[in-house]
Structures are given as C-alpha cells and as structure tokens.
Amino acid sequence: MATSTATRAEDTLDIGFNAPLSGPAAGWGLPGLTGINLLVDGINAEGGLDVGGKRYKLVVHQFDNEYTASKALQGARQLVLEHNVKIILDVGGSTGDAQLPFLTEHKVFYAPEATADINPKRPYIISGSDYFPRGEMMRMAYIRQMYPEAKRYAVVSQQDSTSLVGQAWEVGAAKAVGLDVVYDEFYAPDTTDFAPVVTAILATKPDIVSLSISWPDFIPLLMEQLYQQGFKGIIAANYIEPEQALQRVPADWLQQVKAIDSYPLFDDPWWGDPSAQHDFAAKWKARYGAGGPEDQKRPMNGIDWLYTPMLQAYLASVQKAGSVDPDKVLAAFRSLDTISTIEGPTAVTGEEMWGEKNMISPLVPNNEFRADCNCKRVQSLTRFETWFAQHKDAVIAEVRRRNQMWDQRQ
C-alpha cells in the first residue's frame, strides 16, 4: 500500500472507529486505536493511499459507544453524516445491530470484531481479523488434543447477542470433539458479585471452565473466584489480559490452570524475525511503549493489533477496485482468495458459517500463560478451514438447535 512521497494526497479517505473506549468492554476497543494509528500514519507518511492513480490521505475519527446500542447508533450517524466515513470499525454484536440499518442504507462498510454480524442482508459487513468464533471452536479442539484427561466442560459468559452466538459455536465444537458439557449458562451483564456464579459452576465438578466471550473486565473477577474457591483444572476464554488477571490471582496458579486464549502478543518469539508481527511489535513499542512519545503505561496486548488487519483488508480491496465506491470495493474483496495482513496471509471465506463470502480467516492461535515471563505464549497455529470441514455438521447442528445460525437471527 506504500506510495511515493513525491506526490501528496489529493483527498481524504475517512475511517470511523465507533467502539467502546470506556466501560467494562473498553478492553475490546480502546487499545485497537494504537494499531490503527500506526497503519494510517505509516501510509500517510509515504504520500497516502494510491487508488487508481489518485492519492488519499487516511483520517481516523473516533466515537466512544461504551458498548451501548443507542450510543453506537448515535456514533454511526455522527461519523457518517459529519465526517463522511467510508468504513466503521467496532466490536460488533448489539452495537452492530443498532447501527447496521443506517450503515447499510448509506452503503458504509462495517468491520466488527464479531464475524457473527455478517449476513447476506447486510452486504457491507466485512470481518474476521478477530478469531471469534473460530477461536472458540479451536480452543476446544486444542484442549481435547493436548489435555485428553480433561473431559468435563463448563462454559459461562454474560448474556448478550455476541455471547449467545459465540457460546453456540463453542459448545458445538466441545460436543464435536467429545467433551462432556456439564454447565452451559449465562450471567447478567450487570453482575458485580461473581461468587455465586462460580459456586454454581464448580458444583458440576468441571475439568475445564470456559469463560467464553466474557468481557475483559469480568475475566479477572471470575478468575479471582475460581482461585478462591479452589479450582485446579483448565481455564479458557476468548481473551485474557494477564496484566489484569495477575492483579487478582498469583502467577503460579494462572500457569497451573493454563489460562488459554486466542489473542497472541506480537512480540512473542513464536513469530520470528523477520515477520509482520515482529515489525508491528517493534513499531508499537517505539511509539507506545515505555519512554515512547505516546507511552500507554502498559504492555502491548492482543487488542492493540486486532483492528488493523481488517482495515488492511478494506484498503487492499479499495486498491484492487481502483475506487472507493462501496459496491466496487465489495466486489473486489469477494474476488480475492487471500489478503496479506499483519496476521499473515488470510483466506477470504465465510459462506458456510455466515451465508456470504465476507470474512477473512487467518490461522488461529492458541496461547497459554507462562509464569516465567508473566505473559501468554503461542502454543499452536491452526488452519480453521481444515478442522471445520471435518466437524461442521456436528457444530452447525448445535448452533441451529440454539437458533443462532445467521438465518435464524434475523
């Protein structure tokens, strides 16, 4: 996407970030701005995005929707009507449902982390840089393969539209790989006391406790109760931030329970040097790390990079189309078999899960916590499509039983 610095951008291509920047779901949104800004500033420093011989300066506009549906719609209207954004990035789920009729009417692309938002009636959704819910399935496959003695599986998360979908796919995968589902429930999103939740889980004597799509701020609270109530099995979740968890539980216990999630760190030695991940980590630390000009006062995490690949996929489609016209860009996206991103090459797929080819699908990692570095480390990297081809009938049967397939949620 690099362009010559000899020519300046002639116009702007406006990008919206309508995501939770505060509140209990902020951990899924706010850090993502760092990666977006690294990408955008890098492209602008080289003259802007070359689209059919015309150069565009990329401009990011942000809105804090607090993961609240009404605020998400307010943000969408502001970003589109006041800033003429061509794409909005967000967590998705309930916030996506609120703004998608408006965005579809205006042919504005919506790139949520929740691929479950993809639907043929919502053609301008593109998603997939987030591993949800492929990661939910691959964690079950990983645990079954690596820890075959663990058979009794409990799963819980807050009751919202994203969790209903994610838990359906996850439980489908758990059943497909032969786990015994002993607990499968949801807690209210306004829960503050997680002791009763964990007591109910542990009463079923699970070997595995999945916190599934629990919001980032809830994970340490749930883990604290699991620790205090003596759980010694395996813990899995969509996203675990070790720095937050270690404020509630000791490192040796976190390693004992494995603390398995799907969002890797890009400074993990697994990626090697040179790699796109290593390059991103180096740039992030120089700008946002300790002593950097925009020091975040925290380590780099798995959300910092998470929105960047989807923006890369959109920009690559704009360039292939040679236009910012949404219909031409969508056709270009669907015409691609793979797209290069900082996650590596990603397949372009989605028909079997969502009814439309609107999803990128990178290799799915499984990470475990390591006490020697107080961090998580990649343990495996798997092509989801290969596994899904073997198990999709059983998984989809469970998703349909719970009325969470794309054509059942309209």
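Predicted model: local features only at pLDDT ≥ 70, side-chain atom pairs only at ≥ 80, totals over all residues.
Visitor: Fine. Which residues of α5 and α14 meet?
Guide: From α5 come Ala168, Trp169, Val171, Gly172, Ala173, Lys175 and Ala176. They meet Trp387, Phe388, His391, Ala394, Val395, Ile396, Glu398, Val399 and Arg401 of α14.

Visitor: How does that contact divide by class?
Guide: The contact of α5 with α14 has 11 nonpolar residues, two polar and three charged.

Visitor: And at what angle do the axes of α5 and α14 cross?
Guide: Roughly 125 degrees, and the axes come within 8 Å. That makes α5 oblique to α14. The crossing is right-handed.

Visitor: Staying with α14, where is Ala389 found?
Guide: Ala389 sits in helix α14, residues 384-401.

Visitor: Does Ala389 count as buried or exposed?
Guide: Exposed, because its relative accessibility is 53% and the cut-off for exposed is over 50%.

Visitor: What separates Ala389 from Glu352?
Guide: Along the chain, 37 residues. Between their C-alpha atoms, 9.9 Å.

Visitor: Back to α5. How does it pack with α4?
Guide: Helix α4 (residues 134-146) and helix α5 (residues 161-176) pack at about 25 degrees, with axes 8 Å apart. That makes α4 roughly parallel to α5. The crossing of α4 past α5 is right-handed.

Visitor: Which residues make the contact?
Guide: Glu136, Met137, Arg139 and Met140 on α4. On α5, Gly166, Trp169, Glu170, Ala173 and Ala174. By class, the contact of α4 with α5 has five nonpolar, one polar and three charged residues.

Visitor: New topic: α11 and α12. At what angle do they pack?
Guide: Helix α11 (residues 308-321) and helix α12 (residues 326-335) pack at about 110 degrees, their axes 8 Å apart. They are therefore roughly perpendicular to each other.

Visitor: What residues make that contact?
Guide: Met310, Ala313, Tyr314, Ser317, Val318, Lys320 and Ala321 belong to α11. Lys328, Val329, Ala332, Phe333 and Ser335 belong to α12. The contact of α11 with α12 divides into eight nonpolar, two polar and two charged residues.

Visitor: Last one, α6. Which of its residues are buried?
Guide: Val197, Val198, Ile201 and Leu202, in a helix that covers residues 195-202.

Visitor: Why do they line one face of the helix?
Guide: Seen down the axis of α6, the buried residues fall within an arc of 125 degrees, so they line one face. An α-helix has 3.6 residues a turn, so residues three or four places apart point the same way.

Visitor: What do the buried residues of α6 pack against?
Guide: Strands β6 (152-158), β7 (180-187) and β8 (208-210), plus helix α7 (218-228).

Conventions:
Residues numbered from 1 in each chain as written. Heavy atoms only, no water. Buried < 20%, exposed > 50% of the residue type's maximum accessible area, 1.4 Å probe, protein only. Helix = DSSP H or I, 4+ residues; strand = E, 2+ residues; numbered from the N terminus. Arc of directions from axis to C-beta. Contact = heavy atoms within 4.5 Å. Axes fitted to C-alpha atoms, helices over the stretch in contact; angles between N-to-C directions. Parallel < 35°, antiparallel > 145°, perpendicular 65-115°, else oblique. Left-handed = near helix turned anticlockwise from the far one by under 90°. Nonpolar A, V, L, I, M, F, W, Y, C, P; charged D, E, K, R; others polar.
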